[in-house]
Amino acid sequence: MSFPWAKNYEPKQPLMKWLDEKLPLPRLVYNAIGAGYPVPRNLNYFWNFGVLAGAALVIQIVTGIVLAMHYAANAGVAFNSVEHIMRDVNAGWFIRYAHMNGASMFFIVVYLHIFRGLYYGSYKAPREMVWLLGVVIFLLMMATAFMGYVLPWGQMSFWGAQVITGFFSAIPVVGDPIRVWLLGGFAPDNAALNRFFSLHYLLPFVIAGVIILHIWALHIPGSNNPTGIEVKDEQDTVPFHPYYTAKDGVGVGVFLLLFVALTFFSPNLLGHADNYIAANPLSTPAHIVPEWYFWPFYAILRAFTFNFLWIDAKLWGVIAMFAAIALLFFLPWLDSSPVKSSNYRPLNRIFFWVLVVDVLILGYCGKSPAEQPYVLLSQLGAIYYFAHFLIILPIVSRIERPLPMPNSITEAVLSKHADDTSAATA
Amino acid sequence: MVRPLGFLVGLGFIAALLFAIFTTPLTNEPNASHEFHKHPKHLKLASDGLMPHWDKAQLQRGLQVYKEVCSACHSLHLVAFRDIQDLGYTEGQVKTFAKGFQVPSVNPDTGEPATRDGLPSDYFPGPYANEVAARAANNNALPPDLSLITKAREGGKDYVYSLLTGFQNPPANLPKELKPGTGLHFNPYFANLNLAMAPPLTKGQVTFADGSPNTVDAMAKDVTAFLVWTAEPKLVKRVQVGWAAFLFLLIFTTLTYLSYRNIWADKKH
């Protein structure tokens, strides 16, 4: 499905004609990310992050496959096998650091991608399915990243696994048996390490599959844009190729520059020193901290310190942490405003930026030890987080008076340029 | 239905959090050791920054300090003798160096455990047969392996250097419960202020062939530089390759930007 004016794939070479009749794979690519996909002409650089997330996944899969050729998933040798990669494998240090920092780069671009969707209302009809699949990808990424962090079998790997699998033991009655079943033992050990390795290798391909669905669902209504106004006619769009392949190329260049700077100049900046100590079940690190991309959720987990309504504080924390992500599934129906872009939603725009600051504060609290003032800050931060999505957003979308909107994407583009020229002549 | 239900769920979480706020004390339990704990001193090395190189003479001195001092208690099990060629030794020198160590082996005639002369392919043998032996010899403390120590501690090389040079008499106002117990030594750079390791370096302990100073500070710097190398022998190469990749990408990004400008030139957006 696409717009009626979408360019049609017409193979010229005999070989391509032959292929198109038997297996129209080039046609599929042409219509998905080639000239056959019309895209709004006014996308800004925030629309690069989908392609960048795809690039990050490819980098993770390629480096990961090479790492798996040298890594040994056995609790006795896993730590030393990673150091073997760092010291003795040709360019192993590069592959390993690229994979390690690639995970961080993947999360950076995906978080920007998510917040782009939040600001411009990309989760709203007719793109709810795109958003839902996106949340599924996010959940799969978190599971994959967590299991990947366990594989080097350092202190933070081991104790992170201990803490995260401990969530399941918060479930009343059946919690402990579930945890033992998931780990294959009473504590993380060889059985857990092996299944984490197996799943860590599997899930990226599941993610790739869901990404295909994500793009498929996107192509039915077509891409959103900074005005949030739907495409009306041909002059609102440009073909994806060459216009957005060129623009995404710039994004990929900048992304790789940052990636290279992080990987080669400061590869351990986002890591934790304790993970260079081999796992030791008898010695607990002073501060158990997850990787940075989990900090906001870790802060929400730890914010619940009171056994409210006979529910254990730990269970509250676990429920809240999962709810913090699960509520994103309901976002398209929590926000009932017909206006998508926050450019035309004066009230929502303010609360959006409050949410950004709130998540950053939660992240800082998740990194910090469980002491005051961080406990209080994470409690206030968690209150705002839930209030934002479950209370403020539904009310705002009802009472807000949107700003006047242009009639079409083209009108918005042309009036912007008219402003520019009048400002230049004035 | 989603909105009223969401509203109730939101109120539930907020109520639980409000109760949590009002029942959590706003002050932390006092921790006296914080007050005496010191932040590591900065140590500048040739391998720092964006233009790093190995100061081979310093690394060789550091290796000597490790061999003559640290190796009495600390292993270096990720480093092989062949690796020290990076420090500027010839193949022959590495062979001779390796020969100076006895490594565990098996008597080829009887199958009994034995030892033999080290080979370049062998790893530095540890001082103890196992953890029990290590603890028995060290008042129940376990001397950590040093291969990764500058990456495995908050503060990295600064911390290692500060710890080595930071031993001192406990301050007079140190509370009784923080005073070093039997077999412990006060060091403000250590997380809980008292550690089992005695001050390892004394002035003039190691004599360097090149006549370099052998004060505690100088030896601590040398051995820390050496441990930065053991933690990441590919550090200098990493940054050099990084510059090549960075410059390549800078050109790549400039070209993509120019082609982007070119393609969009006739399109208002």
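## Model and conventions

The model is predicted: local features need pLDDT of at least 70, side-chain atom pairs count only at pLDDT 80 or more, and totals for chains, interfaces and linings use all residues. Residues are numbered from 1 along each chain as its sequence is written, while chains are lettered from A and ligands numbered from 1 in the order in which they are written.

The predictor gives the complex an ipTM of 0.93 and a pTM of 0.94. Within chain B, the lowest mean pLDDT of any element, 81, belongs to helix H2 (residues 32-36), and the highest, 97, to helix H8 (residues 235-264).

## Chain A: overall form

Chain A contains 16 helices and two strands. Helices (H or I, at least four residues) and strands (E, at least two) are DSSP runs, numbered from the N terminus. The C-alpha atoms of chain A occupy a box of roughly 70 × 60 × 45 Å along the principal axes.

Of the 426 residues in chain A, 46% are buried. A residue is buried if 20 or more other C-beta atoms lie within 10 Å of its own, exposed if 12 or fewer, and partly exposed in between, with C-beta atoms placed from the backbone. Among contacts in chain A with a separation of 6 or more, 77% involve residues 24 or more positions apart; two residues are in contact if their C-beta atoms, placed from the backbone, lie within 7 Å.

## Chain A: domains and cores

Chain A is assigned domain 1 (46-222 + 250-281) and domain 2 (289-409), with bounds from an automatic or database domain assignment. The centres of the two domains, taken over C-alpha atoms, are 23 Å apart. Their contact involves 22 residues of domain 1 and 20 residues of domain 2. On the domain 1 side, H5 and helix H6 (128-150) of chain A are the elements that give two or more residues, and H6(A) has the largest share, seven residues. That side has 16 nonpolar, four polar and two charged residues. Here Ala, Val, Leu, Ile, Met, Phe, Trp, Tyr, Cys and Pro count as nonpolar, Asp, Glu, Lys and Arg as charged, and the others, Gly among them, as polar.

A nonpolar core is a set of buried Ala, Val, Leu, Ile, Met, Phe, Trp, Tyr and Cys residues joined through C-beta atoms within 7 Å. The largest one has 139 residues, and those with the most contacts inside it include A:Leu52, A:Phe106 and A:Ile300. H5(A) gives the most to this core, 13 residues, and both domain 1 and domain 2 of chain A provide at least three residues each. Leaving out residues up to four places away in sequence, A:Ile300 touches A:Ala320, A:Met321, A:Ala324, A:Leu362, A:Ala382 and A:Tyr385. Another core lies apart from the largest one and has eight residues, among them A:Tyr37 and A:Phe240.

## Chain B

Chain B has eight helices and four strands, in the order α-α-α-α-β-β-α-α-β-β-α-α from the N terminus. Its radius of gyration, 27 Å, is well over the 18 Å that the globule rule gives for 269 residues, so chain B is more spread out than a compact globule. The C-alpha box of chain B is roughly 80 × 65 × 45 Å along the principal axes, and buried residues make up 26% of the chain.

Helix H6 (residues 156-165) of chain B is largely enclosed by the rest of the structure, because nine of its 10 residues are buried. Among them are B:Gly156, B:Lys157 and B:Tyr159. Helix H7 (216-231) of chain B is included in what covers the buried residues of H6(B).

## Contact between the chains

The contact between chains A and B takes 51 residues from chain A and 48 residues from chain B. On the chain A side, the elements supplying at least two residues include helix H4 (78-87), helix H5 (92-119) and helix H10 (240-265). H10(A) gives the most, with 14 residues. By class, the side of chain A has 38 nonpolar, eight polar and five charged residues.

Methods
pLDDT = per-residue confidence, 0-100. Rg over C-alpha atoms; globule rule 2.2 N^0.38 Å.
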